[in-house]
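Thank you all for making the time this morning. I would like to walk through one protein chain with you, beginning with a single residue and then stepping back, so please keep the display in view while I talk.

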Amino acid sequence: MSIQVNRLADPTVRAFVTAVNSHDQAAFQAVLTADATMSDDGSDRDIAEWTEREIFSSHGHMDVENESDAGRALIVTFRNDTWGEMRTKWHFTVDGGKVSRFETGQA
């Protein structure tokens, strides 16, 4: 059973998931620090390229199954038009109310 996005514990992570699910690139950029980094399956990626390919142009969507670490670690059923649906893990580093790093990969 999914956790409703508005019930996620960490407000910054909640804003991140909301931006992804609404495909709102401006809101997504606003929740990241200017020097934010990310990794996918343990490999660092360029955030702009990765999010365009994996989230925005392919209609990515996050259904949160579980949260831990005060809401900064999620287990998510992630789906997009490219890969279909997969179970993923996400971990967020939050600094000053913005995501400075996120790490994702298959769970």
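Predicted model: local features only at pLDDT ≥ 70, side-chain atom pairs only at ≥ 80, totals over all residues.

If you look from S57 towards R45, you will find that the two are 12 residues apart in sequence, while their C-alpha atoms are 17 Å apart in space.

Now let me step back to the whole chain. The protein chain has 3 helices and 6 strands, and, read from the N terminus, these elements follow one another in the order α-α-β-β-α-β-β-β-β. For a chain of 107 residues, a compact globule would have a radius of gyration near 13 Å, and since the protein chain has 12 Å, the value agrees with that expectation. Along the principal axes, the C-alpha trace spans about 35 × 35 × 25 Å. Of the 107 residues, 42% are buried, and, among contacts with a separation of 6 or more, 44% are accounted for by residues 24 or more positions apart.

As for the surface, the chain exposes about 5,700 Å², and carbon and sulfur atoms supply 46% of that area. In terms of charge, there are 10 positive and 18 negative side chains, with the centres of the two sets lying 4 Å apart.

With that background, I would like to visit the strands. H61 has its place in strand β3, which covers residues 61-68, and the side chain of H61 makes a polar contact with the side chain of D63 at 3.3 Å. Once neighbours within four places in sequence are left aside, H61 is in contact with N21, T77, F78 and R79.

V76 lies in strand β4, and V76 is buried, because its relative accessible area is 0%, and the cut-off for calling a residue buried is under 20%. Leaving aside neighbours within four places, V76 is in contact with M62, D63, V64 and E65, and also with M86, R87, T88 and W90. It may also interest you that V76 and S2, which are 74 residues apart along the chain, have their C-alpha atoms separated by 8.6 Å.

T104 is found in strand β6, residues 98-106, and T104 counts as buried because its relative accessibility is 7%. The side chain of T104 reaches the backbone oxygen of K89 at 3.1 Å, and K89 is also one of the residues that T104 touches when positions up to four places away are not counted, the others being M38, S39, D40, D41, W50, T88 and W90. By way of contrast, T104 and T82 are 22 residues apart along the chain, and their C-alpha atoms are separated by 17 Å.

Most residues other than glycine have a negative phi. D41, however, has a positive phi of about 50° although it is not a glycine. D41 is found in the loop between β1, residues 32-40, and β2, residues 43-45, and D41 is exposed, with a relative accessible area of 52%.

Where else does a residue other than glycine show a positive phi? A70 does so, with a phi near 55°, and A70 lies in the loop between β3 and β4, the latter covering residues 73-80. A70 is exposed as well, with a relative accessible area of 63%.

How values were computed
Residues numbered from 1 in each chain as written. Heavy atoms only, no water. Helix = DSSP H or I, 4+ residues; strand = E, 2+ residues; numbered from the N terminus. Rg over C-alpha atoms; globule rule 2.2 N^0.38 Å. Buried < 20%, exposed > 50% of the residue type's maximum accessible area, 1.4 Å probe, protein only. Contact = heavy atoms within 4.5 Å. Areas by Shrake-Rupley, 256 points an atom, 1.4 Å probe, with all protein chains shown as cover. Lys, Arg positive; Asp, Glu negative; His and termini not counted. Charge placed at Lys NZ, Arg CZ, Asp CG, Glu CD. Polar contact = N/O pair within 3.5 Å; in protein donor to acceptor, adjacent residues only side chain to side chain.
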